[in-house]
Amino acid sequence: MLNYLQKFINCIQLCIPLLALPTFLLAENGHQRLGHLLTLGTASASGTYWPVGKGICEIINQKRVESGIRCHALLTGGSVYNVQALRSGELDLAITRSELAEKAYAGISSFNEWGPFTELRIVLGLYDQPVSLVVKANSGIQKLIDLKGKRIGLAKPGSGQRRHVELILQAASLGSKDVILDSGLSAKTMGSKFCDGEIDVVIQAIAHPSKYYENLIKNCNGRIVSMDVSDFERIKSFDKGAQKITLPESLYGLMADTINTYGYKAVLVTSSKVPDDVISHVIDILTENFEKYYQINDTLSVGGFGTFLTNDINVPVHNGAVSFNRALTEYLKANDAN
């Protein structure tokens, strides 16, 4: 019997100092040798998807003799491309954003032309992609409405950063005339202008922990704004795919409290055409090697075990991942109750 949660305990002892977990026997171990090649779509080499996807494949390939499963990570055009490549059968696994997975499954927004991708399935949540609103520690900005009159960095048209700024202003009932937008900036330039006092607000969706945020907080008197319930609900009313994300106060050592914000989740997805036992075996391999998994990239250890869950994403979990998802859900509920 495969003891998923015992593996969590091992992971805690080896790499993550979290609460001790109980032991449950969950699923049969010892699948037959499968002989399957999995292609995993990531994104460009400069982002986080690539090292995470590459690292997952390396863990899978370390067990290829026993399992017969091999994994090959590919550089791709990113989240949207990956979903479409799964649909066409070009990929077996892919990393994408949670809200794009929902839109693809429903066949809406940018996926309207192709219709619902009803065979899309979730395997695991990987890490949170929070939107962080950084202001000067002494700025007095506590709520989104406090952005009125502030100088805000804005990236080029069509960028994800620009979309986040527009959404936050919309949620605050502010228009472009209510703030001062410094447009066409790269993330690096925004950081420099913030540190030099030329802009008041930096809004980015870079995964934590990040040297970028660390510099703004430690060296430039920055502070990440914690959104209250009303601000989050306003965000959610304009973007139903937005998820509440909590950043731990220990993240950079200088945050006074936990930070509530919104964002999305990087998720590992597949198609229902990929056999159940292949996906189940992939999860077996990862759960048996959590120490190596968390060493792939620092972003994977932020948020704890709850990051694996995808219950709030409106896409079905793959049959091969159901047992793992159910067991972890039950554990986290029991832990919250205690």
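At 4% relative accessibility, Phe308 counts as buried, where buried means under 20% relative accessible area, exposed over 50% and partly exposed in between, with a 1.4 Å probe and protein chains only. The model is predicted, so local features need pLDDT of at least 70 and side-chain atom pairs count only at pLDDT 80 or more, while totals for chains, interfaces and linings use all residues. Residues are numbered from 1 along each chain as its sequence is written, and side-chain values use heavy atoms, with hydrogens and water left out. Helices (H or I, at least four residues) and strands (E, at least two) are DSSP runs numbered from the N terminus.

**Aromatic pairs**

- The structure holds 9 aromatic pairs, a pair being two rings of Phe, Tyr or Trp (its six-membered ring) whose centres lie within 6.5 Å, with planes under 30 degrees apart counted as stacked, over 60 as edge-to-face and the rest as tilted.
- One of these pairs joins Tyr293 and Tyr294 in an edge-to-face arrangement, at 5.3 Å centre to centre and with 80 degrees between the planes; Tyr293 is buried at a relative accessible area of 1%, and Tyr294 is buried at 8%.
- Phe308 and Phe324 form another edge-to-face pair, with 6.0 Å from centre to centre and 90 degrees between the planes.
- This second pair links distant parts of the chain, since Phe308 sits in the loop between helix 11 (290-295) and helix 12 (322-337) whereas Phe324 belongs to helix 12, 16 residues apart.
- Phe290, Tyr293, Tyr294, Phe308 and Phe324 together form one aromatic cluster.

**Disulfides**

- Cys57 and Cys71 form a disulfide with their sulfur atoms 2.0 Å apart; because Cys57 lies in helix 2 (residues 49-62) and Cys71 in strand 2 (residues 69-74), the pair ties together parts that are 14 residues apart in sequence.
- Both Cys57 and Cys71 are buried.
- Cys195 and Cys220 form a disulfide with their sulfur atoms 1.9 Å apart, and this link is right-handed, with 90 degrees about the S-S bond.
- Cys195 lies in helix 7 (residues 187-195) and Cys220 in the loop between helix 8 (211-218) and strand 8 (222-224), so the pair ties together parts that are 25 residues apart in sequence.
- Cys195 is partly exposed, with a relative accessible area of 27%, whereas Cys220 counts as buried at 8% relative accessibility.

**Strand 7 and its partner**

- Strand 4 (residues 120-136) and strand 7 pair in the antiparallel sense over 4 bridges, where pairing requires that DSSP finds at least two bridges between two strands.
- Within this pairing, Leu133 stands opposite Ile203 in strand 7.
- In a regular strand the side chains alternate between the two faces of the sheet.
- Strand 7 (residues 201-204) is covered on both faces, with Val201 and Ile203 buried on one side and Val202 and Gln204 buried on the other.

- Gln161 is found in helix 6 and is buried, with a relative accessible area of 8%.
- The side chain of Gln161 reaches the backbone oxygen of Gly153 at 3.1 Å, a polar contact being a pair of N or O atoms within 3.5 Å in which, within protein, one must be able to donate a hydrogen and the other to accept it, and for which residues adjacent in sequence count only if both atoms are side-chain atoms.
- Not counting residues up to four places away in sequence, Gln161 touches Gly153, Leu154, Ala155, Met190, Ile203 and Gln204, contact meaning heavy atoms within 4.5 Å.
- Gly222 lies in strand 8 and counts as buried at 10% relative accessibility.
- The C-alpha atoms of Gly222 and Val134 are separated by 6.1 Å, although the two residues are 88 residues apart along the chain.
- Leaving aside neighbours within four places in sequence, Gly222 is in contact with residues including Val134, Val135 and Phe194.

**Helix 9**

- In helix 9 (residues 229-238), Asp231, Phe232 and Ile235 are buried.
- These three residues cover an arc of only 95 degrees around the axis, which puts them on the same side of helix 9, the arc being that of the directions from the helix axis to the C-beta atoms.
- On the other side of helix 9, Val229 and Glu233 are exposed.
- The buried residues of helix 9 pack against helix 6 (160-171), strand 9 (243-247) and strand 10 (259-271).

How values were computed
Disulfide = S-S within 2.5 Å.
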